[in-house]
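Hi,

Here is the structure I said I would pass on.

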2 protein chains.
Amino acid sequence: MKGEAILEEEAAPRAADGQEIDLSKLTDLVGYQLRRAQIAVFDDFIRSFAPYDIRPTQYGVLTAIESNPGSSQAAIAQSLGIKRSNFVKLIDEFERRKLVVRKPVAGDRRANALFLTKAGQAELAELHQVRAAHEARIAALIGDERDRGALLKQLQRLTTMRG
Amino acid sequence: MKGEAILEEEAAPRAADGQEIDLSKLTDLVGYQLRRAQIAVFDDFIRSFAPYDIRPTQYGVLTAIESNPGSSQAAIAQSLGIKRSNFVKLIDEFERRKLVVRKPVAGDRRANALFLTKAGQAELAELHQVRAAHEARIAALIGDERDRGALLKQLQRLTTMRG
DNA sequence: TATTGTTATACTCTATAACTATA
DNA sequence: TATAGTTATAGAGTATAACAATA
């Protein structure tokens, strides 16, 4: 089922004519298509949020804090799959921009509890609208709500490959 | 539809109890699930190919050269979305490992034509088997061939978001 | 002038080790 | 002893600019 000619030694190389590269062996792979789709979707996301100077990870962190006000850095970081050590600069940046505040935890003087500021809440409300427009562009490509649900379910199944 | 309590000032912070972080606002997003699925699938891929010291990008490059022997660095790199400048070290490494050779192109003395060596062909044949096992694990999660085809089609549609 | 391969460089992400202060 | 936050650092991956040789 393979059997293509073996060109090696000094056989006259067939030069690159340009774009006629056959990637069919890759485009049939779930992992390859998954990566290309993720890059395309993230490109759209990044362009949409560029005016707000917000990256996908930052949107995820703000949204997690919004849904879980008062949770510790460690808890939020872990839930998002971010190392505690890498999380520090993310929160530093948010505090510098007055979007998030660290507050001491009553019963545990080691931990920082995270909250959105009023400005952070207002900013995130705008970001949610940008996200809605982004998701609408995705929905236009993948079909109706039934198709979208089926896709999310398949992606969630793949996520269980973890570990 | 929002209306969660606004905790700010010095309100007693609800400490991080641990893992009960609500990410439902993120898990409903295609982009978020796409990224998590891609990470999970790549983790499996990377672990599978670790004994061969091959990363996903390297497998893609070798497979592209196999399907397009004699194509130039620029052509292969562009087809895979890799910058020419970043492609150089990739090919350097393959030449060091005797898996790929650069050969001069007859009509264009600027270009390098890429070929797998005999060793490279043998190695890649083994890698294809590792990939088949990896894809089989994916198939076990996503269903039959019909489900797999539907998923690939949806991912390809998302890829058209590019540009 | 444009293209191929190359070098150098920088910036983001991610991973690890070690420190401190608390528990 | 273990955990939360922090710092420093190293390694991928990716992006741009510039150069020499060639077209």
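Below is what I found at the interface of the two chains.

First, the ground rules: this is a predicted model, with local features needing pLDDT of at least 70 and side-chain atom pairs counting only at pLDDT 80 or more, while totals for chains, interfaces and linings use all residues. Residues are numbered from 1 along each chain as written, chains are lettered from A in the order written, and side-chain values use heavy atoms, leaving out hydrogens and water.

The same surface is used by both, as 100% of the contact residues of chain A recur in chain B (contact is heavy atoms within 4.5 Å).

The contact draws on 85 residues of chain A and 86 residues of chain B. About 7,900 Å² is buried between them, 62% of it from carbon and sulfur atoms (accessible area lost on putting the parts together, 1.4 Å probe, summed over both).

The rule gives four salt bridges across the interface (Lys or Arg side-chain nitrogen within 4 Å of an Asp or Glu carboxyl oxygen). Arg148(B) forms a salt bridge with Asp28(A), with the closest N and O atoms 3.6 Å apart.

Cheers

Technical notes: Buried area is the accessible area (1.4 Å probe) that two parts lose on being put together, summed over both.
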